[in-house]
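The structure is shown first, and the description follows.

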Amino acid sequence: MNEQELRARRLARQRARQARARRRRLMAVGGLLVVALAAILIGLAATGGGKTSPSTTATNAAQTAHHSAHHARAHARASASTGLPRTTVTGTGTGRPGTATVPVLMYHVINPPPAGAPFPGLYVPSDEFAAQMQALKTAGWHAVTMDQLEAYWTRGVPLGPGKPIVLTFDNGYASQYENALPILKRLGWAGDENIQLTGLPPSQGGLTDAQVRAMIAAGWELDTQGISHADLITLDASQLRYQVATARQTLRTRYGVPVNWFCYPSGHYDATVITAVKAAGFVGSTTVIPGWAAPSEDPYRLPRLRVLGGTSPGALLQQIATAQSNGAPPASYGGAGTA
């Protein structure tokens, strides 16, 4: 090989190195642009494209961090005792916790009250219930479960188009399967069953094992009010564990579902009861205090709206709207009432 050929090869290698260097520089610049654009988009999304004061941003960040940390601990407790998944809610979240407040309705018996019923207001006839559900749908509402709400609040899992609302059914009355389930099924909705394991009034009867399994198969969420609807604030430590922790473990073992939420019997709770609910692995609990549930609130004191018999569809919509401005539930509650 002569000297001219050697110079030609050296020149070709030099040009190849220069070309590779240019490509690396272009790739580096392109990567920086992508990162910068992503940061801008995330910032706009976090502020809604508008102006947010530093104090508001700091407050929201603190609330989100506190809420997420609480749920991370609760999720660990929820799955520690069994091999069950913590939740049945799947789907990809946005990575940004949801902030919307959501009303949670409370129903009991979906039947007319029998003669001599001690709490006739807790009976909602099925035709009345059907009219209420249709009114909710017409007004743009759609039913979600407590687990879905928690997935939205913590992981940003979408709740679907329209306005989300939770429909809870207390105690485990047979009419909830016989009457409420078919009505909700026609709408493509699911309810949230707060079952108690024993002690239902004999005039109505409780859900059978087969009915509970059918509700779960239809997409309903199973949660609990404990073993026997006991007044939890009057119990000693052993009795409290039985009503709360044993109820959850029994239902998880029997039905193979997470049972993540507790519902206070008669709405009664205090600091000791809340501690027992947390220790049992529940991620939150619901009260009988009227209001809308919000992610910034204590998840162990979420409000609900009791729906009584004789409530017209229009009155229900008004009840929901009025309660949105209510404050958070108190630190403890032991007032009169049945739930």
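## Strand β3 and its partners

In this predicted model, Ala143 has Ile165 as its bridge partner in β3. That contact belongs to the parallel pairing of strand β2 (residues 141-144) with β3, which extends over four bridges. Strand β3 itself spans residues 163-171 and is mostly covered, with eight of its nine residues buried.

Strand β1 (residues 102-107) also pairs with β3 in the parallel sense, again over four bridges, and here Leu105 has Leu167 as its bridge partner in β3. Strand β4 (residues 192-196) runs parallel to β3 and is joined to it by four bridges, with Asn171 standing opposite Ile195 of β4.

## Crossovers

Helix α4 (residues 146-155) lies between β2 and β3 in a β-α-β unit that is right-handed. From β3 the chain crosses through helix α5 (residues 174-187) to β4, and this β-α-β crossover is likewise right-handed.

## The second largest pocket

The second largest pocket has a volume of about 340 Å³. It is lined by 22 residues, of which Thr88, Thr145, Gly219, Trp220 and Glu221 are the closest to its centre. The elements that contribute two or more residues to this lining are β2, α4 and β5 (221-226), and β5 gives the most, with three residues.

By residue class, the lining of the second largest pocket comprises 13 nonpolar, six polar and three charged residues. Strand β2 and helix α4, which each give two or more residues to this lining, are also parts of the right-handed β-α-β unit that includes β3.

Notes. Residues numbered from 1 in each chain as written. Predicted model: local features only at pLDDT ≥ 70, side-chain atom pairs only at ≥ 80, totals over all residues. Heavy atoms only, no water. Buried < 20%, exposed > 50% of the residue type's maximum accessible area, 1.4 Å probe, protein only. Pairing = 2+ DSSP bridges. Right-handed = clockwise from strand over helix to strand, strands pointing away. 1 Å grid on protein atoms, 1.4 Å probe; cavity = no way out; pocket = protein on both sides within 12 Å on 5 of 7 lines; lining within 4 Å. Points joined across faces, edges and corners; volume = space filled by probe spheres on them. Nonpolar A, V, L, I, M, F, W, Y, C, P; charged D, E, K, R; others polar.
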